[in-house]
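Me: I would like to go through some features of this structure one at a time. Please give the general idea each time, and then the case at hand.

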Amino acid sequence: MAETALKAKKPGTTTTAEAQQELTDGFHLVIDALKLNGLNTIYGVPGIPITDFGRMAQAAGIRVISFRHEQNAGNAAAIAGFLTKKPGICLTVSAPGFLNGLTALANATTNCFPMILISGSSEREIVDLQQGDYEEMDQLAIAKPLCKAAFRVLHAADIGIGVARAIRAAVSGRPGGVYLDLPAKLFSQVMDAEAGAKSLVKVIDPAPAQLPAPAAVKRALDVLKGAKRPLIILGKGAAYAQADDAIRALIEKSGVPFLPMSMAKGLLPDTHPLCAGAARSTVLKDADVVMMIGARLNWLLSHGKGKTWGEPGSKKFIQIDIEPKEMDSNVEIVAPVVGDIGSCISALLEGMGSKWPAAPADWISAVNTRKEENIAKMSSKLMKNSAPMDFHSALGALRTVIKERPDVILVNEGANTLDLARGVIDMYQPRKRLDVGTWGVMGIGMGFAVGAAVETGKSVLAVEGDSAFGFSGMEVETICRYNLPVCIVVFNNNGIYRGTDVNPTGGSDPATTVFVKDARYDKIMEGFGGVGVHVTTPDELSRAVNKAIDSRKPTLINAAIDPAAGSESGRIGNLNPQSVVRKK
Ligand code: ADP
Ligand code: TPW
Ligand code: MG
């Protein structure tokens, strides 16, 4: 407290030493509350009423990373939450800044990432009477339906409790986004420093373990034991839980093939003998018992039904999740196990005892046969060293980079650039693949890259579609300003999905999906003092990426990709409605 408390005279007192009272204010109390809880990094954009707050936070030893747009700051905070299990903090100004940050908060909530969006807000009296204050907006009401919890603090003495509630709401149970509304007046409210210090709360055990019921564990093990063709699906909740050793032990002890969802890749290496990633459609169709660990049966898994899942009624689902309401959300769950993943997996391992039967050999060999076929089919596509590159030949080069440097963090967004990279680039370590997540949202790229580099100090390789990159591209300046070890590869195929569409009217406007032909995104990076490289072959790409990672210098590689190579919507064209009565 001493380092930040104000020395001030009590109003209306004499100058005697006895009469001097140490004071603090809202600014200091918020900073002290964050620091007390080990929240030492803030991602944000300054302005009224939080400019001085950012400055003071930096002066107090908090790392304050200033962005060019709040959405990117919010995405950085969200991924910080995913990587550290502590809420990432995003700080914005009122109304427009708040709304810019809100997209990231909603996205974090959807993905179950813990973060806290702290926004300054205008005067309550004026906002509530709608008298037209500077950046007037009822932010709390707007945030509420879009996040897990929303709080407002009106009195300096409540800051400690407000921050504590926000932390607990973000990380306990199913993690998510929390909004904390701090009106401008709060920051300058003054109170006695000692009382202020006492009002702060150090949150004890912010995400308490939630133990599964023994009967639920037994039920799940009985179903698993009866399986002829068992499958385990690992989701990003399993990656978040940081129960890596226990999850590996469960898989290896049971001998059950596992399928990692996108951000769970690397939880066990994609090259693990039990990884069924290369036989995805076969295992989904043919498995008879599926154990979901921190993964939801949403659109990414065809809601647990339909063609993807084979004959109707051919599956039994076991689900391990901290959120009881997730059970039966799409199909019947015959064995729900509700609790935190660490506790659930430990209980399952204990329940399996020492004599757990091996998974049926005919199933394992069927899965292996399919894997080998698919791997062989793909490998020739990855080897070509042609110009222009197609997605596979370019990704073949990046696949080798990650194999040789498994601790590099891969950020990935786009359509073809995303879907094909997910399949081609094997991951070897947990929480190294960060991508568009549950919404398939474009724009996470630079925010995630900055957040991952700042939180881990590791090199980041951001593989970006040219459209995807555009959503957050201005943050290359942020990457240069903080000199972060981020290498961006823009897969430049001149547009969204492809660069070959033409305007159907024959008019001079370009088609809706194409960009400036043969643009040089590398020049943007050079403009801010980073390294820009233009490459046209996989060999050049691989050399440039390796050099960037070795140097740890901000680098953008413009990788020219055949404009005709992509397909509409990447791998999810089935979700894309097309008119059948199109008029000429
Ligand atoms: P994916 O997209 O990888 O399939 P989802 O985001 O759909 O993953 O699912 C993640 C699930 O993990 C959510 O249902 C969430 O409640 C759950 N979850 C997150 N953290 C934990 C945890 N520590 N313990 C148990 N479940 C968790
Ligand atoms: C916030 C819709 C999905 S994928 C994509 C868009 C615009 C870009 C695909 O082009 P890109 O990749 O990145 O060049 P590639 O390799 O296929 O050429 N707005 C938001 N989110 C989404 N998902 C969209 C729009 C979309
Ligand atoms: Mg593109």
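**Helix packing, ligands and backbone**

Reply: Helix 3 passes helix 18 in a right-handed crossing. A crossing is left-handed if the near helix is turned anticlockwise from the far one by less than a right angle, and right-handed if clockwise. Helices (H or I, at least four residues) and strands (E, at least two) are DSSP runs, numbered from the N terminus. The model is predicted: local features need pLDDT of at least 70 and side-chain atom pairs count only at pLDDT 80 or more, while totals for chains, interfaces and linings use all residues. Residues are numbered from 1 along each chain as its sequence is written, chains are lettered from A and ligands numbered from 1 in the order in which they are written, and side-chain values use heavy atoms, with hydrogens and water left out.

Me: At what angle do helix 3 and helix 18 pack?

Reply: Axes are lines fitted to C-alpha atoms, for helices over the stretch in contact, and angles run from 0 to 180 degrees between N-to-C directions. For helix 3 (residues 70–84) and helix 18 (residues 445–456) the angle is about 45 degrees, and the axes are 7 Å apart. Helix 3 is therefore oblique to helix 18. Angles under 35 degrees count as roughly parallel, over 145 as roughly antiparallel, 65 to 115 as roughly perpendicular and the rest as oblique.

Me: Which residues make the contact between helix 3 and helix 18?

Reply: Contact means heavy atoms within 4.5 Å. Helix 3 contributes N72, N75, A76, I79, A80, L83 and T84, and helix 18 contributes G447, F448, G451, A452, E455 and T456. By class, the contact of helix 3 with helix 18 has 6 nonpolar, 6 polar and 1 charged residues. Here Ala, Val, Leu, Ile, Met, Phe, Trp, Tyr, Cys and Pro count as nonpolar, Asp, Glu, Lys and Arg as charged, and the others, Gly among them, as polar.

Me: How do helix 16 and helix 17 pack?

Reply: Helix 16 (residues 391–404) and helix 17 (residues 416–424) meet at about 50 degrees, with axes 10 Å apart. Helix 16 is therefore oblique to helix 17. The crossing of helix 16 past helix 17 is right-handed. F391, H392, L395, G396 and R399 of helix 16 are in contact with N416, T417, L420, A421 and V424 of helix 17.

Me: Which residues come nearest to ligand 2?

Reply: A residue is near a molecule if one of its heavy atoms lies within 4 Å of it. Of the 17 residues around ligand 2, the nearest are N416, T417, G440, D466 and A468. A polar contact is a pair of N or O atoms within 3.5 Å. A backbone N or O atom of G440 is 2.8 Å from a nitrogen atom of ligand 2, and one of A468 is 2.9 Å from an oxygen atom of ligand 2.

Me: How many residues surround ligand 1?

Reply: There are 20, and R174, K236, R296, D321 and I341 are the closest. R174 has a polar side-chain atom 2.8 Å from an oxygen atom of ligand 1.

Note on methods:
Polar contact = N/O pair within 3.5 Å; in protein donor to acceptor, adjacent residues only side chain to side chain.
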